[in-house]
Amino acid sequence: MARTISYREALGEALAQEMERDESVIVLGEDNAGGAGSPGEDDAWGGVLGVTKGLYHRFPGRVLDTPISESAFVGAAIGAATSGLRPVAELMFIDFMGVCFDQIFNQAAKFRYMFGGKAKTPVVIRTMYGAGLRAAAQHSQALYPIFTHIPGLKVVVPSSPYEAKGLLIQSIRDDDPVIFCEHKAMYDVTGDVPEDSYTIPFGEAGVVRDGDDVTIVAIGRMVSVAEEAAKQLAESGVEAEIIDPRTTSPLDTETILESVENTGRLVVVDEATPRCNLATDISALVAKEAFGSLRAPIEMVTAPHTPVPFSDALEDLYIPDAQRVANAVKTVVEWKR
Amino acid sequence: MTDTLSTAVSHELDGNALLDAYRTMRTIRAFEERLHDEFATGEIPGFVHLYAGEEASATGVCLHLDDRDAIASTHRGHGHCIAKGVDVKAMMAEIYGRRTGSCHGKGGSMHIADLSKGMLGANGIVGGGPPLICGTALAAKQKGTGGVGVAFFGDGASNQGTTLEAMNLASVWQLPAIFVAENNGYAEATSSTWSVAADNIADRAAGFGMPGVIVDGFDFFAVHEAAAEAIQRAREGGGPTLIEVKFTRYFGHFEGDQQTYRAGEVAYARENLDCLKRFRARVTETGQVEAARLDAVDAQVADLIDAAVEEAKAAPKPTAADLETDVYIEY
Amino acid sequence: MTVGVVANPASGRDIRRLVAQASVFPTAEKANMVQRLLTAFASVGVTRALLSTDLGGISAAVLRALRGRRPGRDGGWPDVVFCDDDAITGTARDTTNAVRRMVADGARLIVCLGGDGTARVAAAACGDVPLLALSTGTNNAFPRMREATVAGLAGGLVATGAVAAETGTRRATVLHAGVADRGETALVDVCASRSRHIGSRALWHPETITELFCTFAEPDGIGLSSVAGQLCPSPRDEPEGVALTLAPPEHARWVVHAPIAPGLVVPVGVDAWRPLPVGEPVEIGLRGGVIAVDGERELELTGTETATVRLCAEGPRCVDVSAVLAEASANGLLRTENQVAQRKERQR
């Protein structure tokens with residue numbers, strides 16, 4: 001039975017259902033309960049955005065607060081994953097990868113290959129990305145391309161409450177290390193989500209909207225931006241097909257290529273900064289594999305090559321919006337040799 | 001009398017256990033000395049960091065461990081691997097980059113691991129291991145196995161944030177973790193007396209609310225005794241301990257290091273402090289083990305290392321088909 | 001007028017921090033103590049201080065302080081000379097080397113910062129030069145807990161001869177433990193233990209001990225001598241010592257609950273004890289164990305060797321801080337009196 005719940009609730013429900021199902025699942029991170037050692041409530045926060053609220057009492061001993069010490073607890077989650085637990089660690093902001101990246105990309109990502117296929121590291125690192133909350137340069141970045149670059153990591157970027165729940169359950173059950181990127185402006189977004197547990201497989205893109213005139217590939221929160229643009233475009237008779245890759249590693253290249261072969265036009269919408277991001281990666285893929293199908297140059301809609309600014313006047317310019325997507329679509333649709 | 005104290009004499013090893021300890025130390029020494037020679041022939045690829053001189057540390061600690069216990073190691077990891085029971089021939093093959101190696105030739109000297117033995121890997125990143133050990137210790141605690149995690153790290157890693165963070169977390173969570181700081185005097189070419197601002201690495205323990213002790217790293221019995229206390233304490237829920245093991249490495253930071261930064265301490269240590277010499281002298285003069293049995297171990301170990309090198313050299317290298325396998329379990 | 005100060009960087013770091021809750025004595029505090037000593041020395045006329053060097057940071061901290069001293073604002077110090085002629089080994093040999101150099105260089109007092117172990121090594125090397133042992137270690141049965149400035153004043157007064165050595169020092173007794181060509185000297189106690197190895201040195205399993213010999217035994221002592229202190233006390237200033245035969249507590253005639261290390265109060269079984277006269281050699285029956293001196297395992301016994309213990313009256317001359325300062329008070333050594341004329345001159 002589906003009902004309408006928020007992205008936040010969908011994530012919390014996924015965690016609770018997996019913790020119920022599998023005793024080896026534990027949750028750890030800064031203030032994941034909140035209030036450890038403090039005089040007041042001992043489940044004060046449930047994570048900085050409340051995703052893990054309530055789990056502390058429901059699963060005694062399995063929700064662990066940590067010091068603000070990302071190298072130690074992200075590393076501990078990785079170590080515990082090699083020793084039979086399925087930890088879900090919360091790296092509060094994706095920007096904080098800077099203080100614990102070694103444990104992620106030199107340790108977790110490498111174990112299986114480096115140890116000749118003998119290691120299993122089923123760890124999930126949930127982390128918050130994206131601009132829009134006036135959080136400025138160190139708390140707003142869309143850094144999933146950096147993780148996508150690293151062989152050995154899987155990278156998930158859910159675009160809706162439905163995606164969030166199914167992909168998080170899949171992440172927890174997956175035996176490889178998963179970086180699970182939640183957009184900070186989406187926690188209150190609501191949508192239909194089944195009550196029962198379900199998984200969405202990795203590497204299978206969702207076709208969010210059908211259309212024959214142009215393919216829009218959008219990542220994470222950009223899916224909803226693309227949908228808004230598609231509505232406007234439909235009014236002028238342009239039908240866009242929107243593809244949500246859901247996971248940037250593995251990437252469902254087949255669905256993207258099939259769509260471009262049909263539409264002959266590609267716009268990629270990526271909130272990340274423009275160098276070596278998903279837009280360039282997917283564009284290169286299509287240029288190489290579907291060159292003959294292209295009827296126009298590929299357009300990329302991304303953030304500018306700058307840090308994320310603080311002032312709302314600037315941040316609103318920074319984030320790709322529906323108008324920019326619509327303009328890009330018009331460019332490719334109207335393009336003539 | 002408390003339980004901790006009543007185990008006093010049980011720390012003392014019987015003849016067979018002494019022979020096992022000797023075999024482990026001798027195997028490490030022979031493995032490393034042979035690698036030193038083989039490296040000079042140019043046949044061994046990459047970077048090799050040798051553990052010779054430090055055998056008493058890995059052996060004295062790991063003799064207390066079993067398969068429920070995990071260790072994390074360093075770039076100087078061959079000794080820890082051998083002491084934790086990783087197959088010596090597979091290790092040698094790995095160092096030669098062969099498909100028959102511990103990691104099928106994909107890891108090399110700095111990444112030998114065997115998770116089935118609780119050997120979480122040598123580690124190419126200085127300070128990479130301690131956070132991981134918090135995790136294995138957490139898993140042991142959550143599952144109630146009685147297992148412990150041991151992070152071996154060097155004087156260089158003692159200055160890394162990861163190590164300090166891990167000690168803090170281990171103490172906050174009261175984890176069954178043991179931090180073994182192997183202070184061999186140099187981080188690469190830099191003296192630990194310069195790079196470690198605290199006077200002893202062990203002194204940092206106080207800052208993390210755990211006991212910190214210094215032991216003579218050339219003395220197997222000193223390490224074995226301190227490790228016994230720390231590991232038992234951890235198994236019984238007493239929390240983490242920092243043990244600083246002081247000694248000298250016999251070779252350079254890596255093979256090929258001219259070691260112009262050193263004085264004559266290696267010759268002195270080999271002559272006067274060597275862990276194998278001291279061990280042999282003590283167990284024979286007390287009559288616990290006959291010299292002939294130790295000689296037999298020496299011969300067996302020499303044969304094992306000969307065979308390991310011979311087999312490694314003859315073994316096939318990985319092929320193109322292996323290049324892209326084992327990145328993921330499923331992708 | 002020269003004195004020597006030897007400070008052990010390694011004292012207070014052994015396994016007793018793990019098996020008990022022994023304190024960690026920070027290096028910075030050892031360096032502070034050296035500086036307080038220097039201030040005290042200068043005030044009683046010591047002109048030159050020889051300091052040991054170490055890689056643990058004590059001598060480095062003193063050197064930094066020396067370079068940072070502000071003329072006219074900070075009080076005077078004696079000329080400081082670092083004894084750095086011997087290579088540092090990180091072992092007890094460093095203490096021996098430093099003390100020998102200081103004595104050869106004319107030191108009239110050796111101050112030693114460490115625990116029983118350091119004092120023992122310094123005592124063996126200082127010959128007839130007065131010894132002032134200050135506690136910075138774990139077990140401190142021998143060195144008294146003394147504030148360094150006060151102790152430095154007393155030591156300085158003895159060194160300069162302002163207080164005669166006969167008044168200001170006490171000759172300690174020592175125990176010589178020997179086996180074959182190896183020997184150790186204990187200031188407080190010697191014991192034989194069934195433990196087979198020196199291992200981590202400290203001895204905290206009394207059930208392994210078969211025999212115990214003490215130069216003195218005080219009821220308020222710490223360490224193994226506290227066993228005798230609670231059963232058969234033997235004052236510090238009497239030459240006679242005491243010898244005990246130990247047994248497992250369940251079979252022993254007496255069971256003493258003794259503080260054998262900081263944080264460890266354990267039952268120790270004693271079957272017999274007797275006074276130990278000076279000069280009597282006692283053979284130890286144990287084979288294949290170890291001999292511990294002042295609570296640290298030092299000599300490993302083979303299966304065939306016999307160790308011998310003997311109490312000797314010719315131990316180090318130890319500065320008696322209380323006696324020296326009482327003498328200073330009686331003789332006005334640390335005070336002056338202004339004449340009436342001088343006072344009037346200043347008032348004007």
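I count two residues as in contact if their C-beta atoms, placed from the backbone, lie within 7 Å. I looked at a predicted model, where local features need pLDDT of at least 70 and side-chain atom pairs count only at pLDDT 80 or more, while totals for chains, interfaces and linings use all residues. Residues are numbered from 1 along each chain as its sequence is written, and chains are lettered from A and ligands numbered from 1 in the order in which they are written.

**Entry 1: chain C**

I started with the contacts inside chain C. Of those with a separation of 6 or more, 71% are between residues 24 or more positions apart. I then listed the secondary structure, taking helices (H or I, at least four residues) and strands (E, at least two) as DSSP runs numbered from the N terminus. Chain C has ten helices and 18 strands. Its radius of gyration is 22 Å, close to the 20 Å from the globule rule for 348 residues, so chain C is as compact as a globular protein of that length. That radius is taken over C-alpha atoms, and the rule is 2.2 Å times the number of residues to the power 0.38. Along the principal axes, the C-alpha atoms of chain C fill a box of roughly 80 × 40 × 35 Å.

I also looked up burial. A residue is buried if 20 or more other C-beta atoms, placed from the backbone, lie within 10 Å of its own, exposed if 12 or fewer, and partly exposed in between. In chain C, 54% of the 348 residues count as buried.

**Entry 2: chain B**

I repeated the list for chain B and found twelve helices and seven strands. The radius of gyration of chain B is 19 Å, close to the 20 Å that the globule rule gives for 331 residues, so chain B is as compact as a globular protein of that length. The box filled by its C-alpha atoms is roughly 60 × 55 × 40 Å along the principal axes. Of the 331 residues, 57% count as buried.

**Entry 3: which chains touch**

There are two pairs of chains in contact, and chains A and B share the most contacts. I found no contact between chain A and chain C, whose closest C-alpha atoms lie 24 Å apart.

Between chains B and A, 37 residues of chain B are in contact with 35 residues of chain A. On the chain B side, helix 6 and helix 7 are the elements that give two or more residues. Helix 6 of chain B gives the most, with eleven residues. I sorted this side by class, with Ala, Val, Leu, Ile, Met, Phe, Trp, Tyr, Cys and Pro as nonpolar, Asp, Glu, Lys and Arg as charged, and the others, Gly among them, as polar. The side of chain B that touches chain A has 20 nonpolar, 13 polar and four charged residues.

Between chains C and B, 28 residues of chain C are in contact with 29 residues of chain B. Helix 1 (16-19) and strand 13 (264-276) of chain C each supply at least two residues of the chain C side. The largest share, three residues, comes from helix 1 of chain C. By class, the side of chain C that touches chain B has eleven nonpolar, eleven polar and six charged residues.
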